[in-house]
Amino acid sequence: MKKIFLASLILLATLSTSIAQNSDKPKLVVGIVVDQMRYEYLHKFHDRYTEGGFKRLMHEGFMMKNGHYNYIPTYTGPGHSSVYTGTTPATHGIIGNNWYVRKLGKSIYCAGDSTVTAVGGAEKNGHVSPRNLLTTTITDELKLSTNQRSKVVGVAIKDRGAALPAGHLGDAYWYDKETGGFMTSTYYKEELPDWVKKFNNKKLAQKYLSKPWKPLYNIKTYIQSVEDNNDFESPFIGRETTDFPYDLKELMENNDGLGMIASTPFGNDLTLDMAMAAIEGEKLGKGDDTDFLAVSFSSTDYVGHRFGPTSIELEDTYLRLDQGLEKFFDYLDKEYGKGEYLVFLTADHAVAEVVNYMKSIEVPTGSFDTRFALTQLKGFTREHYGEGNWILNTSNEQIFLNRELLEEKGFELSKVQREIADFMLKFDGIKEAYTAANMKSNEYTEGRKHLLQMGFNHKASGDVLLVMEPAWLTNSSRGTTHGTGYIYDTHVPVLFYGWNVEAGTSTRYCTITDIAPTVSMLLNIRIPNGTSGQPIQEITK
């Protein structure tokens with residue numbers, strides 16, 4: 001009798017799972033972007049991950065093992081925008097975290113908006129909206145598909161990590177280091193919702209920073225990382241060394257106060273706390289229409305920049321994030337039922353190795369001195385074109401020329417672009433140099449020039465575009481960064497899990513611009529209006 005009863009339960013569970021997997025639509029879509037995550041971290045730390053975090057996505061979901069960014073530059077703002085729009089900076093317009101605007105004579109911030117003000121946080125941190133984003137996002141299209149009944153919420157420590165994924169029609173909340181709570185702007189709300197106020201009143205950031213940061217496990221077991229104290233990492237202000245433990249309460253005064261949480265794994269914990277508060281506060285996934293939660297884990301980027309990809313600090317951060325994801329997925333199971341929600345996980349870019357570490361093991365690398373190069377470039381322009389402010393701006397490995405002055409003096413723009421590109425090739429560390437004229441008059445289909453073109457916006461990009469040698473960084477001493485089109489910056493996770501997603505893997509090349517159209521196909525909604533990517537057929541079949 002017991003065997004018959006047990007068999008009946010198993011059959012009922014199987015039928016329930018089958019019904020859930022074939023529902024007309026998921027209750028909730030959760031988009032996860034792990035800031036600065038290399039694909040290799042899935043395998044590098046695999047043996048120490050829990051069964052329910054990254055491993056759940058890898059083994060129960062579908063993993064595209066050869067997912068890449070398909071443009072230059074690989075930064076946070078463009079990365080989040082490209083994932084959610086399904087296209088590259090050439091189309092969506094977010095060509096950097098910051099970029100120079102000729103008609104303004106200054107640089108602007110990717111999520112900056114002077115027409116809005118702060119809500120629930122410091123005024124200086126509230127001039128934020130998605131208005132610089134020129135196309136729709138998958139989150140916009142979801143709302144449009146339901147006559148805006150679907151709810152969309154973006155959550156991140158970084159404002160751009162929340163505002164850009166939430167799109168033009170969703171709500172976004174980001175961390176305010178002045179108060180230790182989450183805030184928004186008048187683009188979204190005139191007042192913080194009660195659930196956000198309640199969350200902020202818990203003072204969780206202060207609680208996290210009141211305890212030391214120690215390794216999760218015996219430090220001798222972190223065999224995937226270099227020695228704890230070394231000359232490759234950047235110490236916190238007030239410390240000469242980079243070894244555990246870190247007394248956060250003592251260090252925070254000289255390290256950005258409550259903002260220091262971003263540079264610890266506890267920033268990710270705080271983000272997860274806020275994500276679950278958003279689910280409950282907005283009752284996401286509890287209505288008749290599919291809702292969307294966009295979560296970006298920013299602390300992996302801050303830790304990665306400071307300590308680098310071979311540090312114990314980074315390894316510990318990923319092990320802690322994995323535990324957080326396990327708790328989060330268990331929470332989603334309880335809220336909606338396994339198979340009733342859809343998750344994708346990717347990164348906004350990857351990262352380069354620390355230059356000094358590469359030098360220490362005699363791998364070719366270098367640091368490009370931008371100040372010296374600019375001084376030499378200004379001397380070259382004075383010598384060849386006469387006195388004048390010929391260079392308006394250098395940023396994002398691009399050079400902006402004074403086009404009005406060139407026209408006034410009778411110089412041909414394309415010729416000057418080429419001469420300056422050729423001059424820059426004389427510097428160690430510069431591998432290639434292309435001109436705006438190249439980008440506008442040719443169609444490149446492969447190589448780094450293709451990646452540059454996919455990141456080149458005809459109205460906003462510079463006159464000369466530079467490509468560094470492999471493993472070279474600009475002005476690098478300790479710590480590391482990203483931004484290139486080399487594989488160490490482009491190769492990122494692309495994972496789908498949950499509703500109507502069969503388990504499997506593929507080594508076929510795909511791009512992060514394929515994520516948005518894949519979600520569109522799964523949800524049977526319109527593809528974002530600037531999309532250039534293609535649905536991932538292994539997932540949408």
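Helices are DSSP runs of H or I with at least four residues, numbered from the N terminus. In this predicted model, helix α4 covers residues 76–85. Just after α4, Gly86 takes a positive phi of about 75°. The helix itself is mostly covered, with 10 of its 10 residues buried. Among them are Thr76, Pro78, His80 and Tyr84. Gly77, Gly79, Ser81, Ser82, Val83 and Thr85 are buried as well. The peptide bond from Ile72 to Pro73 is cis, with omega near 15°.

Strand β2 also belongs to an open sheet of 10 strands. The order of this sheet is β5-β8-β7-β6-β9-β1-β10-β17-β2-β18, and the pairing is mixed. Its edges are β5 (118–119) and β18 (504–511). Each edge strand has a single partner strand, so one side of each is left without a neighbour in the sheet. Strands of a sheet pair through backbone hydrogen bonds, either parallel or antiparallel.

Within this sheet, β6 spans residues 152–156 and β7 spans residues 171–176. The two strands pair in the parallel sense over four bridges. Gly154 stands opposite Ala172 in β7. Val155 has Tyr173 of β7 as its bridge partner. Strand β6 also runs parallel to β9, and five bridges join the two. Here Ala156 has Ser296 of β9 as its bridge partner.

Strand β6 is mostly covered: five of its five residues are buried. In a regular strand the side chains alternate between the two faces of the sheet. Val152, Gly154 and Ala156 point one way from β6, while Val153 and Val155 point the other way. Residues on both sides of the strand are buried. Helix α7 (residues 159–166) lies across β6, β7 and β9 (291–297). This helix runs at about 180° to β7.

A second open sheet has four strands, in the order β12-β13-β15-β14. Its pairing is antiparallel. The edge strands are β12 (391–395) and β14 (430–435), and each pairs on one side only. Neighbouring strands of this sheet are turned by 20° against each other on average, direction ignored. Strand β13 (residues 398–401) and strand β15 (residues 464–468) pair in the antiparallel sense over two bridges. Across this pair, Gln398 has Leu465 of β15 as its bridge partner.

Some backbone features lie in loops. Ala471 has a positive phi of about 75° although it is not a glycine. This residue is in the loop between β15 and β16 (472–474). Ala471 has a relative accessible area of 14% and therefore counts as buried, the cut-off being under 20%. Lys283 is another residue other than glycine with a positive phi, near 55°. Its place is the loop between α11 (266–281) and β9. Lys283 counts as exposed because its relative accessibility is 54%, and exposed means over 50%. A cis peptide bond joins Phe244 and Pro245, with omega about -5°. Pro245 is found in the loop between α9 (204–209) and α10 (248–251).

The largest pocket holds about 590 Å³ of space. It is lined by 21 residues. The closest to its centre are Trp99, Val101, Leu104, Ile108 and Asn132. Strands β3 (98–101) and β4 (106–109) each supply at least two residues of the lining. The most comes from β4, with four residues.

Cysteines were also examined. A disulfide requires a pair of cysteine sulfur atoms within 2.5 Å. By this rule the count comes to zero disulfides. Cys110 is buried, with a relative accessible area of 0%. Cys510 is also buried, at 1% relative accessibility.

How values were computed. Residues numbered from 1 in each chain as written. Predicted model: local features only at pLDDT ≥ 70, side-chain atom pairs only at ≥ 80, totals over all residues. Heavy atoms only, no water. Buried < 20%, exposed > 50% of the residue type's maximum accessible area, 1.4 Å probe, protein only. Pairing = 2+ DSSP bridges. Contact = heavy atoms within 4.5 Å. Axes fitted to C-alpha atoms, helices over the stretch in contact; angles between N-to-C directions. 1 Å grid on protein atoms, 1.4 Å probe; cavity = no way out; pocket = protein on both sides within 12 Å on 5 of 7 lines; lining within 4 Å. Points joined across faces, edges and corners; volume = space filled by probe spheres on them.
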